[in-house]
Amino acid sequence: MPERFEVGMPDGVRLHVEVTGPADAPVTAVLLHGWTLDGRSWHRQVDALTTSSGDAVRVVAYDARGHGRSSCMALPTATLAQLGDDLAAVLDAVAPSGQVILVGHSMGGMTIMEYAHRHPDHFAARTAGLVFVSTTAEGHTHTVYGLSPRIARLIRLAETTGAGVLARCGSWRAPRALLNALQPSIRWMLFGDRCDPSDIRLVTSAVARASLRSIGGFRASIGAQHRLDTLTALAHLPAAALVGDRDRLTPPPCAESIAAALPATELTVCPGAGHMLMMERPDEVNAALTGVLRRVLAAPARDGLDASATGTRR
(Lines give C-alpha, C1' and ligand atoms only; values in the text may rest on other atoms or scores of the structure.)
Protein backbone atom coordinates (compact mmCIF):
# COMPACT_ATOMS: atom_id res chain seq x y z
CA MET A 1 0.00 0.00 0.00
CA PRO A 2 1.30 3.49 -0.80
CA GLU A 3 2.10 5.99 1.88
CA ARG A 4 -0.28 8.96 1.58
CA PHE A 5 0.35 12.44 2.94
CA GLU A 6 0.18 16.13 2.07
CA VAL A 7 2.97 18.54 1.19
CA GLY A 8 2.32 22.22 1.89
CA MET A 9 3.30 24.89 -0.62
CA PRO A 10 4.43 28.40 0.41
CA ASP A 11 1.09 29.91 -0.68
CA GLY A 12 -0.93 27.53 1.50
CA VAL A 13 -1.93 25.01 -1.18
CA ARG A 14 -1.63 21.43 0.01
CA LEU A 15 -0.68 18.72 -2.48
CA HIS A 16 -1.81 15.12 -2.08
CA VAL A 17 1.20 12.80 -2.48
CA GLU A 18 1.43 9.00 -2.67
CA VAL A 19 4.74 7.20 -2.29
CA THR A 20 5.43 3.52 -2.95
CA GLY A 21 8.71 1.69 -2.39
CA PRO A 22 11.67 1.89 -0.01
CA ALA A 23 12.90 5.25 1.24
CA ASP A 24 16.51 4.22 0.58
CA ALA A 25 15.98 3.22 -3.08
CA PRO A 26 18.79 4.53 -5.31
CA VAL A 27 16.29 6.10 -7.75
CA THR A 28 13.00 7.92 -7.25
CA ALA A 29 10.55 8.05 -10.16
CA VAL A 30 8.20 11.04 -9.95
CA LEU A 31 5.03 10.70 -12.04
CA LEU A 32 3.23 13.90 -13.09
CA HIS A 33 -0.29 13.65 -14.47
CA GLY A 34 -2.04 15.65 -17.18
CA TRP A 35 -4.48 18.55 -17.15
CA THR A 36 -7.82 17.75 -15.38
CA LEU A 37 -6.50 14.31 -14.30
CA ASP A 38 -4.86 13.11 -11.08
CA GLY A 39 -2.20 10.70 -9.86
CA ARG A 40 -4.44 7.66 -10.32
CA SER A 41 -3.87 7.86 -14.07
CA TRP A 42 -0.47 6.23 -13.44
CA HIS A 43 -1.76 3.17 -11.54
CA ARG A 44 -0.51 0.68 -14.14
CA GLN A 45 2.97 2.24 -14.11
CA VAL A 46 3.12 2.28 -10.30
CA ASP A 47 2.19 -1.41 -10.22
CA ALA A 48 4.71 -2.32 -12.91
CA LEU A 49 7.59 -0.39 -11.36
CA THR A 50 7.07 -1.69 -7.85
CA THR A 51 6.65 -5.26 -9.10
CA SER A 52 9.56 -5.42 -11.55
CA SER A 53 12.14 -3.15 -9.94
CA GLY A 54 12.16 -4.45 -6.40
CA ASP A 55 14.05 -2.14 -4.05
CA ALA A 56 15.72 -0.22 -6.89
CA VAL A 57 13.05 2.45 -7.26
CA ARG A 58 10.76 4.53 -5.13
CA VAL A 59 7.66 5.85 -6.93
CA VAL A 60 6.08 9.22 -6.17
CA ALA A 61 2.80 10.37 -7.69
CA TYR A 62 1.02 13.53 -6.62
CA ASP A 63 -2.05 15.53 -7.59
CA ALA A 64 -1.27 18.96 -9.03
CA ARG A 65 -2.79 21.99 -7.37
CA GLY A 66 -6.51 22.21 -8.04
CA HIS A 67 -6.63 18.58 -9.14
CA GLY A 68 -7.58 15.32 -7.43
CA ARG A 69 -7.24 15.48 -3.65
CA SER A 70 -4.99 18.53 -3.65
CA SER A 71 -6.48 21.85 -2.57
CA CYS A 72 -7.61 24.62 -4.87
CA MET A 73 -5.48 27.70 -5.43
CA ALA A 74 -5.73 31.40 -6.23
CA LEU A 75 -6.37 31.98 -9.94
CA PRO A 76 -3.04 33.82 -10.58
CA THR A 77 -1.18 30.63 -9.57
CA ALA A 78 -2.97 28.45 -12.13
CA THR A 79 0.09 28.49 -14.39
CA LEU A 80 2.73 26.08 -15.62
CA ALA A 81 5.35 28.29 -14.00
CA GLN A 82 3.77 27.64 -10.62
CA LEU A 83 3.58 23.91 -11.34
CA GLY A 84 7.33 23.96 -12.04
CA ASP A 85 7.90 25.62 -8.68
CA ASP A 86 5.62 23.07 -7.01
CA LEU A 87 7.66 20.21 -8.47
CA ALA A 88 10.87 21.64 -7.03
CA ALA A 89 9.17 21.91 -3.62
CA VAL A 90 7.80 18.36 -3.77
CA LEU A 91 11.25 16.99 -4.59
CA ASP A 92 12.75 18.82 -1.62
CA ALA A 93 10.02 17.42 0.64
CA VAL A 94 9.77 13.79 -0.43
CA ALA A 95 13.04 13.02 -2.29
CA PRO A 96 15.67 15.40 -0.91
CA SER A 97 18.57 13.22 -2.09
CA GLY A 98 19.36 10.56 -4.67
CA GLN A 99 18.74 10.29 -8.39
CA VAL A 100 15.35 11.25 -9.80
CA ILE A 101 13.58 10.21 -12.99
CA LEU A 102 10.84 12.62 -14.02
CA VAL A 103 7.89 11.16 -15.92
CA GLY A 104 5.29 13.55 -17.30
CA HIS A 105 2.04 13.09 -19.20
CA SER A 106 0.68 16.06 -21.15
CA MET A 107 0.61 18.97 -18.65
CA GLY A 108 2.93 16.90 -16.46
CA GLY A 109 5.57 16.85 -19.19
CA MET A 110 5.21 20.61 -19.58
CA THR A 111 5.64 20.93 -15.80
CA ILE A 112 8.99 19.13 -16.08
CA MET A 113 10.12 21.55 -18.78
CA GLU A 114 9.04 24.52 -16.68
CA TYR A 115 10.92 23.14 -13.67
CA ALA A 116 14.05 22.77 -15.82
CA HIS A 117 13.63 26.33 -17.10
CA ARG A 118 12.93 28.04 -13.79
CA HIS A 119 15.23 25.99 -11.54
CA PRO A 120 18.14 24.92 -13.77
CA ASP A 121 20.63 24.26 -10.97
CA HIS A 122 18.11 22.36 -8.87
CA PHE A 123 17.10 20.33 -11.93
CA ALA A 124 20.69 19.56 -12.90
CA ALA A 125 21.58 18.43 -9.38
CA ARG A 126 18.68 16.02 -9.06
CA THR A 127 17.47 14.77 -12.44
CA ALA A 128 19.00 11.64 -13.96
CA GLY A 129 16.37 10.65 -16.55
CA LEU A 130 13.25 11.84 -18.38
CA VAL A 131 10.14 10.25 -19.85
CA PHE A 132 7.69 12.37 -21.83
CA VAL A 133 4.27 10.84 -22.54
CA SER A 134 1.82 12.53 -24.91
CA THR A 135 3.13 16.02 -24.28
CA THR A 136 4.52 19.04 -26.10
CA ALA A 137 7.12 21.78 -25.78
CA GLU A 138 5.25 24.05 -28.22
CA GLY A 139 1.93 24.94 -26.62
CA HIS A 140 -0.98 24.45 -29.02
CA THR A 141 1.18 24.87 -32.15
CA HIS A 142 0.36 21.38 -33.47
CA THR A 143 -3.06 20.89 -31.86
CA VAL A 144 -5.79 20.64 -34.49
CA TYR A 145 -7.92 17.96 -32.76
CA GLY A 146 -7.59 15.71 -35.80
CA LEU A 147 -9.74 18.15 -37.79
CA SER A 148 -9.26 20.74 -40.51
CA PRO A 149 -7.32 23.85 -39.43
CA ARG A 150 -10.41 26.06 -39.88
CA ILE A 151 -12.58 23.93 -37.61
CA ALA A 152 -9.67 23.60 -35.16
CA ARG A 153 -9.46 27.40 -34.90
CA LEU A 154 -13.16 27.60 -34.09
CA ILE A 155 -12.85 24.90 -31.44
CA ARG A 156 -9.84 26.64 -29.91
CA LEU A 157 -11.73 29.93 -29.78
CA ALA A 158 -14.67 28.26 -28.06
CA GLU A 159 -12.33 26.38 -25.71
CA THR A 160 -10.40 29.53 -24.78
CA THR A 161 -13.59 31.48 -24.15
CA GLY A 162 -15.04 28.69 -22.05
CA ALA A 163 -11.82 28.35 -20.09
CA GLY A 164 -12.00 32.01 -19.13
CA VAL A 165 -15.49 31.49 -17.72
CA LEU A 166 -14.56 28.30 -15.84
CA ALA A 167 -11.47 29.92 -14.34
CA ARG A 168 -13.72 32.31 -12.45
CA CYS A 169 -15.82 29.55 -10.91
CA GLY A 170 -13.44 28.96 -8.02
CA SER A 171 -13.32 25.61 -6.28
CA TRP A 172 -16.62 24.37 -7.70
CA ARG A 173 -16.52 21.09 -9.57
CA ALA A 174 -18.37 19.88 -12.64
CA PRO A 175 -21.52 17.89 -11.83
CA ARG A 176 -20.91 14.19 -12.20
CA ALA A 177 -24.15 13.75 -14.15
CA LEU A 178 -22.94 16.27 -16.73
CA LEU A 179 -19.59 14.52 -17.07
CA ASN A 180 -21.30 11.16 -17.51
CA ALA A 181 -23.33 12.67 -20.33
CA LEU A 182 -20.12 13.97 -21.89
CA GLN A 183 -18.33 10.62 -21.80
CA PRO A 184 -18.65 10.07 -25.58
CA SER A 185 -16.90 13.42 -26.15
CA ILE A 186 -14.24 12.60 -23.55
CA ARG A 187 -13.68 9.25 -25.22
CA TRP A 188 -13.33 10.87 -28.67
CA MET A 189 -10.96 13.59 -27.46
CA LEU A 190 -8.65 11.49 -25.27
CA PHE A 191 -8.60 7.93 -26.59
CA GLY A 192 -7.70 6.22 -29.84
CA ASP A 193 -9.11 3.14 -31.52
CA ARG A 194 -9.62 1.10 -28.34
CA CYS A 195 -10.76 2.14 -24.88
CA ASP A 196 -11.41 0.05 -21.79
CA PRO A 197 -14.63 1.21 -20.08
CA SER A 198 -12.81 1.28 -16.74
CA ASP A 199 -10.39 3.85 -18.15
CA ILE A 200 -13.23 6.15 -19.20
CA ARG A 201 -14.69 5.83 -15.71
CA LEU A 202 -11.35 6.71 -14.12
CA VAL A 203 -10.85 9.74 -16.38
CA THR A 204 -14.39 10.94 -15.71
CA SER A 205 -13.83 10.53 -11.98
CA ALA A 206 -10.61 12.55 -12.21
CA VAL A 207 -12.25 15.39 -14.14
CA ALA A 208 -15.02 15.42 -11.53
CA ARG A 209 -12.40 16.02 -8.82
CA ALA A 210 -10.68 18.90 -10.63
CA SER A 211 -11.83 22.38 -9.65
CA LEU A 212 -13.38 24.47 -12.38
CA ARG A 213 -10.69 27.06 -11.65
CA SER A 214 -7.98 24.55 -12.55
CA ILE A 215 -9.85 23.30 -15.62
CA GLY A 216 -10.15 26.83 -16.96
CA GLY A 217 -7.21 28.56 -15.33
CA PHE A 218 -4.34 26.47 -16.68
CA ARG A 219 -5.51 26.67 -20.29
CA ALA A 220 -3.76 29.95 -21.13
CA SER A 221 -0.25 28.96 -20.07
CA ILE A 222 -0.60 25.47 -21.53
CA GLY A 223 -1.39 26.98 -24.93
CA ALA A 224 1.39 29.55 -24.77
CA GLN A 225 4.35 27.57 -23.42
CA HIS A 226 7.42 27.14 -25.67
CA ARG A 227 10.37 25.29 -24.12
CA LEU A 228 12.31 23.63 -26.96
CA ASP A 229 15.33 25.78 -26.10
CA THR A 230 15.16 24.50 -22.53
CA LEU A 231 15.11 20.91 -23.75
CA THR A 232 18.23 21.29 -25.88
CA ALA A 233 20.26 21.82 -22.70
CA LEU A 234 19.11 18.40 -21.40
CA ALA A 235 20.41 16.27 -24.27
CA HIS A 236 22.88 14.43 -22.00
CA LEU A 237 20.10 12.73 -20.00
CA PRO A 238 18.64 9.29 -20.73
CA ALA A 239 15.19 10.03 -22.10
CA ALA A 240 12.17 8.57 -23.84
CA ALA A 241 9.18 10.15 -25.60
CA LEU A 242 5.95 8.39 -26.53
CA VAL A 243 2.93 9.50 -28.55
CA GLY A 244 -0.13 7.91 -30.11
CA ASP A 245 -0.70 8.44 -33.80
CA ARG A 246 -4.39 9.16 -33.02
CA ASP A 247 -3.56 11.76 -30.37
CA ARG A 248 -5.83 14.76 -31.01
CA LEU A 249 -4.28 17.01 -28.35
CA THR A 250 -0.53 16.42 -28.68
CA PRO A 251 -0.12 14.71 -32.07
CA PRO A 252 3.11 13.07 -33.29
CA PRO A 253 4.79 16.34 -34.39
CA CYS A 254 4.84 17.33 -30.71
CA ALA A 255 6.87 14.26 -29.73
CA GLU A 256 9.01 14.54 -32.84
CA SER A 257 10.09 18.07 -31.91
CA ILE A 258 10.96 16.89 -28.41
CA ALA A 259 13.05 14.06 -29.86
CA ALA A 260 14.76 16.52 -32.21
CA ALA A 261 15.69 18.71 -29.25
CA LEU A 262 16.92 15.64 -27.34
CA PRO A 263 18.70 13.57 -30.03
CA ALA A 264 19.37 10.61 -27.73
CA THR A 265 15.67 10.25 -26.90
CA GLU A 266 14.00 6.96 -27.73
CA LEU A 267 10.85 7.95 -29.64
CA THR A 268 7.90 5.54 -29.66
CA VAL A 269 4.83 6.16 -31.83
CA CYS A 270 1.93 3.90 -30.84
CA PRO A 271 -0.39 3.01 -33.76
CA GLY A 272 -4.07 3.47 -33.05
CA ALA A 273 -3.52 5.10 -29.66
CA GLY A 274 -4.76 8.48 -28.48
CA HIS A 275 -3.71 10.83 -25.70
CA MET A 276 -3.99 8.46 -22.72
CA LEU A 277 -1.04 6.17 -23.43
CA MET A 278 -0.55 5.17 -19.77
CA MET A 279 -3.94 3.45 -20.03
CA GLU A 280 -4.15 2.60 -23.72
CA ARG A 281 -0.60 1.30 -24.12
CA PRO A 282 0.68 0.54 -20.61
CA ASP A 283 3.20 -2.04 -21.83
CA GLU A 284 4.91 0.45 -24.14
CA VAL A 285 4.97 3.16 -21.46
CA ASN A 286 6.23 0.71 -18.84
CA ALA A 287 8.95 -0.51 -21.20
CA ALA A 288 10.13 3.03 -21.93
CA LEU A 289 10.15 3.93 -18.24
CA THR A 290 12.00 0.73 -17.32
CA GLY A 291 14.50 1.35 -20.11
CA VAL A 292 15.35 4.81 -18.78
CA LEU A 293 15.53 3.41 -15.23
CA ARG A 294 18.02 0.73 -16.31
CA ARG A 295 20.20 3.30 -18.06
CA VAL A 296 20.19 5.47 -14.95
CA LEU A 297 21.04 2.56 -12.66
CA ALA A 298 23.83 1.40 -14.99
CA ALA A 299 25.48 4.81 -15.16
CA PRO A 300 27.71 6.15 -12.37
CA ALA A 301 26.07 8.84 -10.27
CA ARG A 302 27.06 12.29 -11.48
CA ASP A 303 29.25 14.46 -9.31
CA GLY A 304 27.21 16.86 -7.24
CA LEU A 305 23.93 15.01 -7.84
CA ASP A 306 22.99 15.29 -4.18
CA ALA A 307 24.37 18.76 -3.68
CA SER A 308 22.16 21.57 -2.54
CA ALA A 309 20.67 23.40 -5.53
CA THR A 310 18.97 26.72 -5.22
CA GLY A 311 19.48 28.39 -8.60
CA THR A 312 16.33 29.72 -10.26
CA ARG A 313 15.36 31.53 -13.43
CA ARG A 314 12.30 33.74 -13.45
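Helices (H or I, at least four residues) and strands (E, at least two) are DSSP runs, numbered from the N terminus. With that in hand, hello everyone, and let's walk through this structure together.

A word on the ground rules. This is a predicted model, in which local features need pLDDT of at least 70 and side-chain atom pairs count only at pLDDT 80 or more, while totals for chains, interfaces and linings use all residues. Residues are numbered from 1 along each chain as its sequence is written, and side-chain values use heavy atoms, with hydrogens and water left out.

Let's start with the whole chain. The protein chain holds 14 helices and eight strands. Its C-alpha atoms fill a box of roughly 50 × 40 × 40 Å along the principal axes.

How much of the chain is buried? Buried means under 20% relative accessible area, exposed means over 50%, and partly exposed is in between, with a 1.4 Å probe and protein chains only. Buried residues make up 57% of the 314. The accessible surface (Shrake-Rupley method, 1.4 Å probe; for residues, only the protein chains shown count as cover) comes to about 12700 Å², and 57% of that belongs to carbon and sulfur atoms. Next, contacts, meaning heavy atoms within 4.5 Å. Among contacts between residues at least 6 apart in sequence, 82% join residues at least 24 apart.

Now for the empty spaces. Rolling a probe the size of a water molecule over the atoms shows where empty space is left. On a 1 Å grid over the protein atoms alone, a cavity is a set of points where a 1.4 Å probe fits but cannot get out. A pocket is an open set with protein on both sides within 12 Å along at least five of seven lines, and lining residues have an atom within 4 Å of a point. Grid points are joined across faces, edges and corners, and a volume is the space filled by probe spheres set on the points.

The largest pocket contains about 1000 Å³ of space. It is lined by 37 residues, and the closest to its centre are Trp-35, Thr-36, Glu-159, Met-189 and Ile-215. Which elements give two or more residues to that lining? They are α3 (107–118), α5 (149–167), α6 (176–181), α7 (183–190), α9 (212–217) and α10 (219–224). Helix α5 gives the most, with six residues. For classes, Ala, Val, Leu, Ile, Met, Phe, Trp, Tyr, Cys and Pro count as nonpolar, Asp, Glu, Lys and Arg as charged, and the others, Gly among them, as polar. This lining has 22 nonpolar, 13 polar and two charged residues.

The second largest pocket has about 230 Å³. Of its 16 lining residues, Glu-18, Gly-39, Arg-40, Val-46 and Ala-61 are the closest to its centre. Strand β2 supplies the largest share, four residues. By class, the lining divides into seven nonpolar, four polar and five charged residues.

The count of cavities of 30 Å³ or more is one, and the largest cavity has a volume of about 80 Å³. Its lining residues include Leu-32, His-33, Tyr-62 and Asp-86. Helix α3 gives the largest share here, three residues.

Now two single residues. Beyond four places in sequence, Gln-45 touches Leu-31, Met-278, Pro-282, Val-285, Asn-286 and Leu-289. Val-144 sits in the loop between β6 (127–133) and α5, and with 32% relative accessibility Val-144 counts as partly exposed. Setting aside neighbours within four places, Val-144 is in contact with Ala-152 and Arg-248.

Last stop, helix α12, residues 252–261. This helix is mostly covered, with seven of its 10 residues buried, among them Cys-254, Ile-258 and Ala-261. What covers those buried residues? The cover includes α3, β6, α11 (228–232), β7 (239–244) and β8 (266–270).
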